[in-house]
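My notes are below, in the order I looked things up.

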Amino acid sequence: MNQNIVITGATSGIGEVAALRLAADGARIIFIARSPDRANALMVRLQAANSAVQHAAHIADLSSIAEMKRVALDIAAAEPVIDMLINNAGAVFMGDVITVDGLSPTFAVNHLAYHVLTLMLLPSLRRADGARIICTASRAHRYATMDFDNLQRNGVLGYAQSKLENLLFVRRLSQLLKGERITVNAFHPGFVATRFADNTGLMWRTLTKMRKRLFGLSPQQGAQTLLYLAQSSEVNAISGGYYVRCQRQLPSIHAQHDANAQRLWKLTVDCTGVDFPER
C-alpha cells in the first residue's frame, strides 16, 4: 500500500488506530493535530510502524477557518499527490462557546473543516491514480433535521445536526465528482470508548463515560469500517455511500435531501470562501 494518506483526528481513538494500521501496511501518513505533544507521540509510533517513509505532521486548530485554509495550503504545497483523505476530526461542544470566527465549534470542526480541507486538497487528490475521500459521520444524524436557522448550535442537537451535515456534504460532493476518479463515502464507527465528549460539562461527561464503560466499542473495533473503506476493493467504484459495520446502508431521509445538500453547500461556501475547484 504505497500511498500518501492525509488524516485528521489521528492522535487518539479510531483515527490513531487507522493511521497506525495503514502505516504498517505501507502507507505514508500526513496528519493534522492540534497538540504538538500528541503529534510528536504519534509520529514516534508511525515511524515505528513504517520506517521506510517519512511521515508528516501539521499543527492546526480546525475550529478556525484561517487555520483550516493555512494547513490545507501547507499540505497541498508539500504533497502534490494525495491518494486518500480521511476527514475524521470531530467533537461535541456544550454551552455557548464560540470560535475565533464567532461560530459554533461544533459546526466549524465537524462540518466546515471537512469542506475546506477536502476542496483545497482536491487538486492533489486528482493527481492520484484513483483517490478516496472518507468522512466520519455518525448514526446520530438520524436524530437531526436541517434547521438552517440554527446552524450554530452546540450540545447534543448541534452534534447530531453536524453529522447530518457530513452526509449532505458527501452527497453533494459525490455528485460534483461524477466522472472523476475520486470517490467519497461516509461511515458510522459505532459508539466507541475514546476521548470523545471528555471536554463537555460534568453531567454529560459522567453519563457518557458510564455509557462507554457499559456499551462502548474499543477503538480497534470502531476503526474497522474506516479501514474497510480505505482498503477494500469492494468500494473501488462506489461513491456517495454511508456505511455501518462495513455494510452500505441508507441514511435517514433527511440525509438524502438534494435541495438541502445544495443549500448547505452554498451557505458553507459563503462562510468559508471555498468552493468546488473545476478541473
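This is a predicted model: local features need pLDDT of at least 70, side-chain atom pairs count only at pLDDT 80 or more; totals for chains, interfaces and linings use all residues.

These entries go from the sheet to its helices, then to a few single residues.

I then traced the strand order and got 3-2-1-4-5-6-7-8, an open sheet of 8 strands with mixed pairing. Strand 3 (56–59) and strand 8 (247–249) sit at the edges; each has a single partner strand, so one side of each has no neighbour in the sheet. From one strand to the next, the twist averages 25°.

**Strands 5 and 6**

Next I looked at how strand 5 (residues 131–136) meets strand 6 (residues 182–188). The two run parallel and are joined by 6 bridges. I noted two of the pairings: Ala131 has Ile182 as its bridge partner in strand 6, and Cys135 has Ala186.

How many residues of strand 6 are buried? I got 7 of the 7, so strand 6 is largely enclosed by the rest of the structure. In a regular strand, side chains alternate between the two faces of the sheet. I checked the directions here: Ile182, Val184, Ala186 and His188 point one way from strand 6, while Thr183, Asn185 and Phe187 point the other way. Both sets are buried.

Helix 8 (residues 224–231) turned up here too. It lies across strand 4 (84–87), strand 5, strand 6 and strand 7 (242–244), and runs at about 165° to strand 5.

**Helix 2**

I checked the length of helix 2 first. Its 14 residues should span 20 Å at 1.5 Å a residue, and its end C-alpha atoms are 20 Å apart, which agrees.

Which residues of helix 2 are buried? I listed Ala39, Leu42, Met43, Leu46 and Gln47. Looking down the axis of helix 2, I found these buried residues within an arc of 135°, so they line one face of the helix. The spacing rule I had in mind: an α-helix has 3.6 residues a turn, so residues three or four places apart point the same way. On the other side of helix 2, Asp37, Val44 and Ala48 are exposed. The buried residues of helix 2 pack against helix 1 (13–24), strand 2 and strand 3.

**Helices 4 and 9**

I then went to helix 4 (residues 105–126) and helix 9 (residues 258–272). They pack at an angle of about 80°, with their axes 11 Å apart. An angle from 65 to 115 degrees counts as roughly perpendicular, and helix 4 and helix 9 are therefore put in that class. From helix 4, the contact is made by His111, Leu112, His115, Val116 and Leu119. Helix 9 brings Leu264, Trp265, Thr268, Val269, Cys271 and Thr272.

**Two single residues**

Is His58 buried or exposed? His58 is in strand 3, and its relative accessible area of 14% makes it buried. The C-alpha atoms of His58 and Ile32 are separated by 4.8 Å, although the residues are 26 apart along the chain. Leaving aside neighbours within four places in sequence, I found His58 in contact with residues including Ile30, Phe31, Val71 and Asp74.

Thr136 belongs to strand 5, and at 7% relative accessibility it counts as buried. With neighbours within four places again left aside, the contacts of Thr136 include Ile14, Asn87, Tyr114, Lys163 and Phe187.

Conventions:
Residues are numbered from 1 along each chain as its sequence is written. Side-chain values use heavy atoms; hydrogens and water are left out. Two strands pair if DSSP finds at least two bridges between them. Helices (H or I, at least four residues) and strands (E, at least two) are DSSP runs, numbered from the N terminus. Axes are lines fitted to C-alpha atoms, for helices over the stretch in contact, and angles run from 0 to 180 degrees between N-to-C directions. Contact means heavy atoms within 4.5 Å. The expected span of a helix is 1.5 Å times one less than its number of residues. Buried means under 20% relative accessible area, exposed over 50%, partly exposed in between (1.4 Å probe, protein chains only). The arc is that of the directions from the helix axis to the C-beta atoms. Angles under 35 degrees count as roughly parallel, over 145 as roughly antiparallel, 65 to 115 as roughly perpendicular and the rest as oblique.
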